Structures are given as C-alpha cells and as structure tokens.
Amino acid sequence: MKKNSLGIIMAVFIFIAMLPQQALAADNETPLRLQAGQSALVEAELSQASGEKISSLQISLEVTSQDGTSGNTNVLEKIENLSFSPDETIASKAKICEHRYHKNTGVLDIYIAGTQPLFSAEDKLTVGKVTATGKDGNGVDVYIKMVTDSFKVVRGNDLQTIMEDEATVRIAVAAEEEKPTQPEEPEKPTTPQEPETPNSEDPIIDKTQLNEALDIAAEFVESDYTADSFALLKAAIEKAKAVMNDANATQEDIESITDELLNVIGSLVPVSNNSVDNNSQANGSNQNQSSTSAQTGDWNAIWVFVAMTVCSLAVIVMLVAWKKHHKQS
C-alpha cells in the first residue's frame, strides 16, 4: 500500500514538472499580433546564464500569417522592414548589436556579441524591441514569432543551440512611451523637390556592417586571450579583409563572412581561464610528487625494520650456542 502511494506522489510531481515545458512549446508556436505603431518586446531567461557569464547570443524572429504559417508571399509583400533596437543595458555591455531582415523569407536575425556577461543575477535578459514598417514607411499590422531552435549562445568556443526546455523566450507587445507635447511650429514654405534619379539595375552592395565588425575585431589585444581562440580571430580577420577588398564579392558573401567574424569574436577565451587550469595541473603534479616521496619513505622504514630483526635473531642464536657450549665444558 505504501509503495502504491509513493508511486502516485512521484507521478504527480513528474506531471507538474512537465507543465512549464508544454506551455513553452505552445507559446513558441503562437504568433504575436502587432498593430500599426506597436513594438514587440523580446525577453529571454536561461538557467545558469549569469554563472556561465554568457556574453554573446543569437535569436531569430519571423513574420507569419495569423495561424503561424511561414513564408506567405501575400503577407511578406506588405512588410518593408522588421527593425530591432537593443535594450539600453545590452547596448552598454555588448560590442556588437546587429540585426538583418530578409525580405524574401520574413526572418529577422539578431546578433549580440561582447566580452561582458549579459544576463542578470536572476538569469534574465531584456533583449530589445522589434518594430514592423510597411512600404509607405508607416506602421503595419503584422504577426511575428520566434523561429524554432534559433536561440543560440556562445559557451567556450562553441555556438550552441538552446532547446525549449532549457530557456524561455517571451515576445510581448511593448508598453507605449509617453511623448512630451511640443508647441506647433509655423508652417514653412514648400521648396520644389529635385527630380529623382533613375534606379540602377546593378545590385546594391553594402559593406558597412563588415567594416564595423573589422574595426571592432582590431581592438582586441592578443595577449589577453588564449592562443587557439585568438588564432581563429586572426584567420577570420584575414578572410573578412579579402572579401572587403574584393570588388566582385556578392552581398551574400559579405553577410556570410560578417556573421563568421561576429561568432569568432564572441568565442574569444580570456587568458585567465587557462591560468586557473594550469595552476590546478601544477598542484596536481606537486601532490603526485608528495605521494611518491611518501611511498619511498615507507619502503626505507621497512628495510630498517627487517635489518634490525635479522640482527636480533643473530644475537639470540649466538647466545643459545654459547650456553650449550658452556654446559658441555
């Protein structure tokens, strides 16, 4: 009877432990509606993130239909841009806060990288706000959600995907900020607009973000980081410079090498981490030497004891022999 009761109690606890994971999965599949003029606030919570001193992460959001379907052409045609503005705390800590919106897929990629821990002591982080605009430059109604398995962080030298049961990513409508009223300005006379220049058929190549990433990478000092991690940074810088100087580089090539350079920067390992390991190895070596010395001393003591025993036996034998000889005489 007691065993059955214990089994029922354990089953209840297991069921309760599974509830947060199921709720998280349901939330990730439900898109958030943003009305024209509204922004979405993105927050993340990752267990032990503050202890691990997570300083670099990636996350992707996407435009969907009301039912959560991705890649709807009719929906994507209404969206001109999905922009991201980082939270003030992140902007003060991270060296890189970049985002890129892909109009053909409706996916917004967010990159944050630096050397200072991003998460608070409660393992929580306010990432920033996301805003959608239409082709006329005004706000537009849109549904967005997080791309599945897109939450990634840098641990050591690896960029690892965070599963749903490890973290919580919340996307909610941001509270509107009250703007102070300003006095109306007198109307200014309109000036004739200059005729627009015809659009060029050549594709637009933008190397601004790649150039910014190279400038940031140049600030890191080699002596502050491990040889292996800094060697990866050197190699990434050389590849990035080659693409920067290549007049025939495509926009896809530029974006790819920019992403690679950002990930390598986020993977740098400070020298202090290895110093601790080396000290531990040195202490372990000293302990081994002490253990060896102790064993050698033990063997020396044993040999001394054996020698003394042999000498004592020899003296006893001589005394017995002397007594026998004395009686006979």
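1. A nonpolar core is here a set of buried Ala, Val, Leu, Ile, Met, Phe, Trp, Tyr and Cys residues joined through side-chain atoms within 4.5 Å, and buried means under 20% relative accessible area, exposed over 50%, and partly exposed in between, with a 1.4 Å probe and protein chains only. In soluble globular proteins, nonpolar side chains tend to be buried together.

2. Which residues does Phe151 touch, not counting residues up to four places away in sequence? They are Ala44, Leu57, Gln58, Ile59, Phe119, Gln160, Thr161, Ile162, Ala167 and Val169, where contact means heavy atoms within 4.5 Å.

3. Because the model is predicted, local features need pLDDT of at least 70 and side-chain atom pairs count only at pLDDT 80 or more, whereas totals for chains, interfaces and linings use all residues.

4. The chain has 8 helices and 11 strands; these are DSSP runs numbered from the N terminus, with helices (H or I) of at least four residues and strands (E) of at least two. Of the 329 residues in the chain, 29% are buried, and among contacts between residues at least 6 apart in sequence, 77% join residues at least 24 apart.

5. Helix α5 (residues 208-217) has Leu210, Ala213, Leu214, Ile216 and Ala217 as buried residues. They cover an arc of only 160° around the axis, which puts them on the same side of α5; the arc is that of the directions from the helix axis to the C-beta atoms. Among what covers these buried residues are β5 (96-102), α6 (227-244) and α7 (251-266).

6. In α6 the buried residues are Ser229, Phe230, Leu233, Ala236, Ile237, Ala240 and Val243, and they line one face of the helix because, seen down the axis, they fall within an arc of 130°. On the other side of α6, Ala227, Asp228 and Glu238 are exposed, while the cover of the buried residues includes α5 and α7. An α-helix has 3.6 residues a turn, so residues three or four places apart point the same way.

7. A polar atom of the Lys145 side chain lies 3.3 Å from the backbone oxygen of Gly68.

8. Gln48 is found in the loop between β2 and α2 (49-52) and is exposed, with a relative accessible area of 52%. Lys53 is found in the loop between α2 and β3 and, at 57% relative accessibility, counts as exposed.

Key
Residues are numbered from 1 along each chain as its sequence is written. Side-chain values use heavy atoms; hydrogens and water are left out. A polar contact is a pair of N or O atoms within 3.5 Å; within protein, one must be able to donate a hydrogen and the other to accept it, and residues adjacent in sequence count only if both atoms are side-chain atoms.
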